[in-house]
Every structure is written in C-alpha cells, then in structure tokens.
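Hi,

Here is the structure I said I would pass on. Have a look at it, and then read on for what turned up.

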Amino acid sequence: MNGVSVIFAGQAILGESPVWSRSRARLLWVDTMGASLNFFDPATGRNFSHPMPAPLGFIAEKSSGELLLGIGCHVEQIDAAGNRHRIATAPHAQEGFRLNDACMDSADRLWVGLIDEDLKNGTGYLYRLDPDGRWHTLDSGFTLINGMRFSRDGKILYVTDSRRGEIYRYECDPTSGNLSHRRVVISIDPGKGKPDGLIVDQNGFLLSTLFDGAAIARISPEGEIAQLILLPVQRPTSCAFGHNEQSLYVTSARLGLSERLLKHMPFAGALLKIDYQRAIQQQAVQGENLR
C-alpha cells in the first residue's frame with residue numbers, strides 16, 4: 001500500500017496512545033485491553049512489552065522525560081527504574097469509569113478525558129491536571145472523549161467524541177490553560193469510520209484515525225477533508241510522528257473483530273509506519289464521502 005508498511009506484526013487487542021519519546025528514541029504505546037506498556041525501537045525493529053494493570057488509557061511524556069500512565073481512573077508516574085507511583089485520581093472517579101486519551105502541553109499540564117466504559121450518553125469529562133497536582137474540570141457531556149491535541153502555537157485544543165463522530169476545537173490561553181468558544185470542526189458519518197486518535201501536522205492539518213474506516217483523514221483547520229490515507233487494518237486507533245514528520249506511526253486494534261474477519265485482516269493489532277509526505281501526495285481527495 002502506498003507509503004504504508006507493517007513494522008511490528010503484534011496482535012494488540014486495543015493498541016493506543018502512540019507517543020514519540022525524543023529522550024529514548026523510541027515509540028511508546030499501550031495495549032489498553034491487553035494490559036501492556038510498549039517501547040518500539042525503530043532502529044532495530046524490536047518491540048519491548050511490559051505487563052501492566054488493565055485498563056491502560058494512555059502513556060504521556062513530560063519535558064523531563066518522566067512518563068505518566070493512565071490506569072483506570074488514576075494517573076501514575078514511572079521512574080527511571082520502572083517503578084510506578086500513583087500521583088492523582090480523577091475528580092469523578094467511580095466504578096465502571098476510566099481515563100482514556102490524553103496529551104501534554106508545553107507547560108507539562110496533562111489534558112485527559114474520563115469515560116464511562118458502558119459509553120452512556122453524555123457521561124464523559126475533559127480535565128486538565130496541573131504539575132502542582134490540581135485538577136480542573138474543563139468540559140463535560142461527552143460520550144466517548146478521545147483523540148486530543150493542540151495546534152502548533154498552543155492556542156487551539158482539538159478534542160474528539162468518537163461515538164458522536166465529532167471533532168471540536170476550543171480556544172486556549174497557553175499561559176492560564178483556560179478554554180473558551182467550543183465549536184464543532186467536523187462531523188463524520190460514524191458509518192464511514194469513527195474518529196479516534198488525533199494529531200496535528202506542521203501545516204496545521206488534523207490527522208484523525210478512523211476506527212472501522214481503515215484510514216486516516218487529513219482535515220484542514222476549516223474542517224474540510226483533504227485526503228484519506230488508506231490502511232491495511234480496519235480498526236486504526238491513533239497515530240504519532242517520529243523524530244521528524246517523515247514517519248507517521250499508527251496503532252491498531254483486534255477488539256471486536258470476528259474470527260472470520262481476522263482471517264482476512266492478518267495485520268489487525270499491528271503497528272504501522274507511513275511515509276507521510278509520500279502518502280498524502282498519492283492519496284486521492286475523498287472527503288465528501290465521509291459526510
């Protein structure tokens with residue numbers, strides 16, 4: 001497939017939260033339901049998997065190189081020796097809920113969503129956890145709060161609700177971390193794929209992985225789909241750039257696929273790599289088909 005290759009043929013149940021660690025020169029990612037924290041070394045092609053309590057919502061890296069991990073409704077920090085220390089618990093933590101996707105900003109604040117695992121309508125929250133340990137509840141009413149990332153200048157936060165098929169944008173004050181003026185950037189027909197993990201490229205385009213859509217949608221800041229990057233997996237979950245924007249890594253899932261489908265999709269749950277510039281140059285514009 002144009003510019004797309006399988007670099008680790010793992011069988012993650014729900015691969016998620018890829019993050020490029022500059023300090024480690026590794027791709028960090030989790031298998032949420034498979035209960036593992038993973039370090040992929042692109043230089044050798046080896047993946048190192050570490051068992052963890054399930055479910056794992058996210059992995060994030062602070063500017064110091066320290067790692068934060070979402071386990072259930074808790075945030076834990078991992079030290080250099082691999083020891084975990086619980087540092088915070090979500091304000092609305094309760095049985096049947098867990099932290100989901102997250103991202104760090106330039107001030108080392110953690111932005112993270114909380115979901116009801118039964119995905120009851122409107123039960124999700126958006127939080128900010130400051131370095132001093134204080135939580136801030138920024139918004140609520142989500143059903144499956146998911147992929148979130150900042151614009152390159154930190155003045156816009158994009159947040160996804162996968163169940164509703166919507167991506168929102170907020171204006172953000174980079175100094176205070178306050179949000180305002182939420183609006184819908186794009187609504188995608190869930191039958192064409194559910195928007196999942198999200199990142200922003202150097203030109204300000206959103207890259208939204210389409211779970212059940214076998215593709216990544218490249219979306220302009222104005223909400224127009226410029227390209228679809230087609231993938232050899234039905235359920236891509238999230239993506240992250242490597243040390244430069246030439247390589248785009250993509251996690252995927254086997255979760256919910258029947259044995260019959262898995263026979264036809266041998267790479268479900270694998271880790272993919274995309275030659276990004278080549279891919280966007282070769283893919284056709286198909287945005288209107290997703291509305």
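A quick word on surface first: accessible areas here come from the Shrake-Rupley method with a 1.4 Å probe. By that method the chain exposes about 12,200 Å², and carbon and sulfur atoms supply 47% of it. Do keep in mind that this is a predicted model.

As for the overall build, the chain has two helices and 24 strands. Its radius of gyration is 17 Å, close to the 19 Å that the globule rule gives for 291 residues, so the chain is as compact as a globular protein of that length. The C-alpha trace spans about 45 × 40 × 35 Å along its principal axes, and 57% of the 291 residues count as buried.

On charges, there are 30 positive and 32 negative ones, and their mean positions are 3 Å apart.

Now the aromatics. A search of the whole structure finds seven aromatic pairs. In one of them, the rings of Trp20 and Tyr249 have their centres 6.2 Å apart and their planes at 0°, so this pair is stacked. Trp20 sits in strand 2 and Tyr249 in strand 23, so the pair ties together parts that are 229 residues apart in sequence. Both Trp20 and Tyr249 are buried.

Phe142 and Tyr168 also pair up, this time edge-to-face, at 6.2 Å centre to centre with 65° between the planes. This pair links strand 13, which holds Phe142, to strand 16, which holds Tyr168. Phe142 is buried at a relative accessible area of 0%, and Tyr168 is buried at 2%.

Finally, take a look at Tyr125, Tyr127 and Trp135, which ring pairs link into a cluster.

Cheers

Technical notes. Residues are numbered from 1 along each chain as its sequence is written. This is a predicted model: local features need pLDDT of at least 70, side-chain atom pairs count only at pLDDT 80 or more; totals for chains, interfaces and linings use all residues. Side-chain values use heavy atoms; hydrogens and water are left out. Helices (H or I, at least four residues) and strands (E, at least two) are DSSP runs, numbered from the N terminus. The radius of gyration is taken over C-alpha atoms; the globule rule is 2.2 Å times the number of residues to the power 0.38. Buried means under 20% relative accessible area, exposed over 50%, partly exposed in between (1.4 Å probe, protein chains only). Lys and Arg count as positive and Asp and Glu as negative; His and the chain ends are not counted. The place of a charge is taken as NZ of Lys, CZ of Arg, CG of Asp or CD of Glu. Rings of Phe, Tyr and Trp (its six-membered ring) pair if their centres lie within 6.5 Å; planes under 30 degrees apart count as stacked, over 60 as edge-to-face and the rest as tilted.
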